[in-house]
Amino acid sequence: MAELNAKLWASADILRGKMDASEYKNYLLGLVFYKFLSDQQLRAVYEEEHGKVIEYPDREMQLMGLLEWYDEDANDVRQIMRKKLGYFIEPHYLFCTMRKKASEYEFQISDLQNAFIELGRQGEQFTGLFDDVDLTSSKLGSNAQQRNITITEVIKALDEINLFGHDGDVIGDAYEYLIGQFAAGAGKKAGEFYTPQAVSKIISEITAIGQEDVAPFHVYDPAMGSGSLMLNIRQFVNNPKKVHYHGQELNTTTYNLARMNLILHNVEQNQMRLQNGDTLDEDWPTDEPYLFNAVVMNPPYSAVWSADAKFMSDARFEPYGKLAPKSKADFAFLLHGFYHLHENGTMGIVLPHGVLFRGSAEGTIRKTLLEKGAIYAVIGLPSNIFYGTSIPTVVLILKKGREGNGRDVLFIDASKDYEKQKNQNNLRSEDIEKIVDAYKSRKNISKYAHLATYDEIVVNDYNLNIPRYVDTFEEEEQIDIVALSKEMIDLNKMINKSETEFLGLLDQLAITDESREIIEATKQIFIQEGQK
């Protein structure tokens with residue numbers, strides 16, 4: 001992680017000042033992804049030739065092996081690699097080849113542009129993937145030569161990253177780092193709805209409980225961002241290679257980022273179904289499968305949406321009698337996700353606390369959900385754990401088919417358990433474990449968790465504000481008045497004794513006419529203060 005961050009910082013240094021952070025992350029992440037595809041091809045060629053993968057390979061040796069094979073039979077290597085990887089990058093377009101040219105100052109930015117175009121022709125999964133890496137932008141330089149120099153330096157910096165030695169979610173980790181270091185400081189909202197890994201882990205682990213052996217396992221994120229929230233589910237199921245990913249994202253740049261992320265994690269093309277579109281405006285997916293084992297979501301908080309009357313006949317919203325208000329689409333996202341939840345599945349969504357207690361249409365929707373037994377748990381998180389916003393958030397866990405099996409709701413107040421860091425708060429592994437353990441036990445835990453009956457919730461007028469159910473009030477320690485009085489008397493005695501000793505010392509000093517006046521004035525001050 002430290003190596004990845006250091007190389008990203010060095011690469012960002014080249015672009016910083018030329019463009020805004022929310023823009024240059026697109027260049028860095030796009031080029032990191034292209035490097036991954038190039039390096040993966042070299043590894044695949046070596047594996048094909050030698051029957052094994054080198055953990056820390058000599059890339060020059062791998063490139064030589066590819067070139068020898070290519071010179072012997074270019075069509076053969078192309079066909080084998082396309083069957084094995086789903087693509088083939090011509091040797092002169094490989095990232096390492098461009099890096100070599102960059103070192104010799106022979107790199108041409110047009111080569112990289114052509115490499116993107118060529119890859120985009122090799123399948124639907126690559127179409128439009130590099131559209132946000134605008135190599136003709138004047139922000140890279142006022143002329144072709146300056147743009148060439150800028151990209152040359154970025155390639156040289158990024159080439160130092162060992163993508164296969166990175167333990168984690170490369171795109172997700174890189175995105176989180178760039179957001180944390182630059183986007184938040186630039187005053188952009190690029191990172192406001194990126195789900196921190198700790199929160200992602202909580203949602204993924206909880207939604208997988210009881211479904212660990214389901215295969216194939218279908219996960220859906222209607223506001224998928226970089227896709228990392230979906231990908232985390234693999235850690236908590238027993239057949240991670242049989243997970244199918246379904247996601248939609250409105251922002252085209254972020255949609256492409258998610259596509260890169262899934263490819264980086266070796267997700268097969270037939271196991272990913274991603275769409276660039278507006279989740280609320282038009283229901284998706286409508287073809288099978290459209291119900292999922294897990295629905296996970298961190299949508300934009302209190303977003304504006306149309307709330308058009310036509311949605312009252314939409315199957316997603318019609319049963320609730322009201323629509324989420326135009327200025328707050330929180331419940332619109334929630335109801336969309338819940339509609340697509342399988343009968344035996346679990347949904348986890350991050351939202352602002354307002355959904356717990358706001359009235360009017362939202363109050364009506366919340367009441368209906370509670371009557372159906374849909375809301376299974378409410379987990380309050382600490383404030384300032386998301387990039388770009390300090391507001392506290394809540395994770396709502398929802399299930400279907402509980403009307404006849406109880407409608408109780410588990411409340412967990414995890415708002416005080418975190419590690420304070422420089423720019424934001426962080427949930428530690430022990431904090432995550434505490435939340436998940438409390439969720440599993442589903443029992444009352446003093447000042448932390450409460451299992452509220454449906455009757456309790458009705459008494460509270462369907463208000464789910466966590467302090468109504470979890471009492472975290474700490475009584476102040478009782479003050480011993482007698483002991484305190486004795487302490488004050490003893491302290492006054494000590495002060496009087498010190499004053500007397502000090503005044504005595506003044507009398508012993510060698511006194512001049514000038515200093516006598518100062519000493520007498522000092523004595524008077526002490527005497528007056530003592531009398532007070």
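Here are some exercises with worked solutions on a predicted model of a protein chain.

**Exercise 1. Get an overview.** Find how many helices and strands the protein chain has, and what share of its residues is buried.

Solution. Start with the elements: the protein chain holds 17 helices and 11 strands. Next, turn to burial: of its 532 residues, 51% are buried. Finally, look at the contacts between residues at least 6 apart in sequence: 73% of them join residues at least 24 apart.

**Exercise 2. Trace the sheet.** Work out the order of the strands in the nine-stranded sheet, and name its edge strands.

Solution. Step one is to walk across the sheet, strand by strand: the order is S3-S2-S1-S4-S5-S7-S6-S8-S11. The sheet is open, and its pairing is mixed. Step two is to look at the two ends, where strand S3 (272-276) and strand S11 (449-452) are the edge strands, each pairing on one side only.

**Exercise 3. Parallel or antiparallel?** Decide in which sense S1 pairs with S4, S5 with S7, and S6 with S7.

Solution. Take S1 and S4 to begin with. Strand S1 (residues 217-221) and strand S4 (residues 292-297) are parallel, paired over two bridges. To see this pairing in the model, find Val-219, which stands opposite Ala-294 in S4.

Now move on to S7. S5 pairs with S7 in the antiparallel sense over six bridges, and Ile-349 has Leu-396 in S7 as its bridge partner. S6 and S7 also run antiparallel, joined by five bridges. Here, Ala-377 stands opposite Ile-397 in S7.

**Exercise 4. Look at both faces of a strand.** Find out how many residues of S7 are buried and which residues lie on each side.

Solution. Count along the strand: six of the six residues of S7 are buried, so the strand is mostly covered, given that buried means under 20% relative accessible area. Then sort the residues by side. Thr-393, Val-395 and Ile-397 are on one side, while Val-394, Leu-396 and Leu-398 are on the other. Both faces of S7 are covered. To finish, look for a helix over this part of the sheet: helix H9 (residues 197-208) lies across S4, strand S5 (341-352), strand S6 (375-380) and strand S7 (393-398). H9 runs at about 160 degrees to S5.

**Exercise 5. Judge one residue.** Is Asn-460 buried or exposed?

Solution. Locate Asn-460 in the loop between helix H15 (454-459) and helix H16 (481-508). Its relative accessibility is 19%, and the limit for buried is under 20%, so Asn-460 counts as buried. Leaving aside residues up to four places away in sequence, Asn-460 touches Arg-468 and Tyr-469.

Definitions and conventions
Residues are numbered from 1 along each chain as its sequence is written. This is a predicted model: local features need pLDDT of at least 70, side-chain atom pairs count only at pLDDT 80 or more; totals for chains, interfaces and linings use all residues. Side-chain values use heavy atoms; hydrogens and water are left out. Two strands pair if DSSP finds at least two bridges between them. Helices (H or I, at least four residues) and strands (E, at least two) are DSSP runs, numbered from the N terminus. Contact means heavy atoms within 4.5 Å. Axes are lines fitted to C-alpha atoms, for helices over the stretch in contact, and angles run from 0 to 180 degrees between N-to-C directions. Buried means under 20% relative accessible area, exposed over 50%, partly exposed in between (1.4 Å probe, protein chains only).
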